[in-house]
Amino acid sequence: MDSLALGADLEPEPVVDEHSTVTLFVNGEETTLTVDHRATVLETLRESFGLTGAKKGCDHGQCGACTVLVDGRRVNSCLLLAVAQDGATITTVEGLAEGESLHPLQRAFVERDALQCGFCTPGQICSAVGMLQEAGDGHPSHVTGPEAAATGPVALEADEIRERMSGNLCRCGAYPRIVEAIEDVIE
């Protein structure tokens, strides 16, 4: 029998390591860990850190339930590969409070009863924190009037808040209370 037919002359497949070591700064704590190249930030937060605030809703970046802050910007953590975030600072809803003192947005959501089932609430709150920073930095949205362009912070009226929060869905329909809670924080 031909030795080529038996694969005797074939080189063995090289072993490819599908894991890398990354350092993440999660909620103020530096952690170095090994992650699978296919693992998302959401999966890593939930499985490696035990942080279950960010939820896996649609797993396509369309519902916002997984929203966290990466280097101060709001992102859908289900779309980000953890291996690509080496050195990033990640803040989850669990990291917004200072000790026993809730973040002002967390407190406003409770006071305004801006939630029902609570599934989307962590993503809504993280998105609102990022949105306030974006508006404060003068980044316009689709509804920002031309008179506000590049003149400083964007005024956050209800329409502006709704537009900026439109990437975060709430199946229960708590939108009016969510807008009110955000307005309470900016007053």
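Which hand does the crossing of α2 and α3 have, left or right? Keep that in mind while we walk through the fold. One caution: this is a predicted model.

Start with the sheet. Five strands form an open sheet, in the order β2-β1-β5-β3-β4. The pairing is mixed. Look at the edges. β2, residues 29-36, and β4, residues 73-76, each have a single partner strand, so one side of each has no neighbour in the sheet. From one strand to the next, the twist averages 40°.

Now zoom in on one pair. β3 covers residues 67-70 and pairs with β4 in the antiparallel sense, over four bridges. Find Val68: opposite it, in β4, stands Val75.

Next, the helices on the sheet. α1, residues 41-48, lies across β1, β2, β3 and β5. Its direction is at about 110° to β2. α3 lies across β3, β4 and β5, at about 40° to β3.

Back to the two helices from the opening. How do we describe such a pair? For two packed helices, we give the angle between their axes and the distance between the axes. Here, α2 is residues 104-111 and α3 is residues 121-136. Their axes come within 10 Å and cross at roughly 130°. That is why α2 counts as oblique to α3. And the hand? The crossing of α2 and α3 is right-handed.

Who makes the contact? From α2, it is Leu105, Gln106 and Phe109. From α3, it is Thr121, Gln124, Ile125, Ala128, Val129 and Leu132. By class, that contact has six nonpolar residues, three polar ones and no charged ones.

Terms used. Residues numbered from 1 in each chain as written. Predicted model: local features only at pLDDT ≥ 70, side-chain atom pairs only at ≥ 80, totals over all residues. Heavy atoms only, no water. Axes fitted to C-alpha atoms, helices over the stretch in contact; angles between N-to-C directions. Helix = DSSP H or I, 4+ residues; strand = E, 2+ residues; numbered from the N terminus. Parallel < 35°, antiparallel > 145°, perpendicular 65-115°, else oblique. Left-handed = near helix turned anticlockwise from the far one by under 90°. Contact = heavy atoms within 4.5 Å. Nonpolar A, V, L, I, M, F, W, Y, C, P; charged D, E, K, R; others polar. Pairing = 2+ DSSP bridges.
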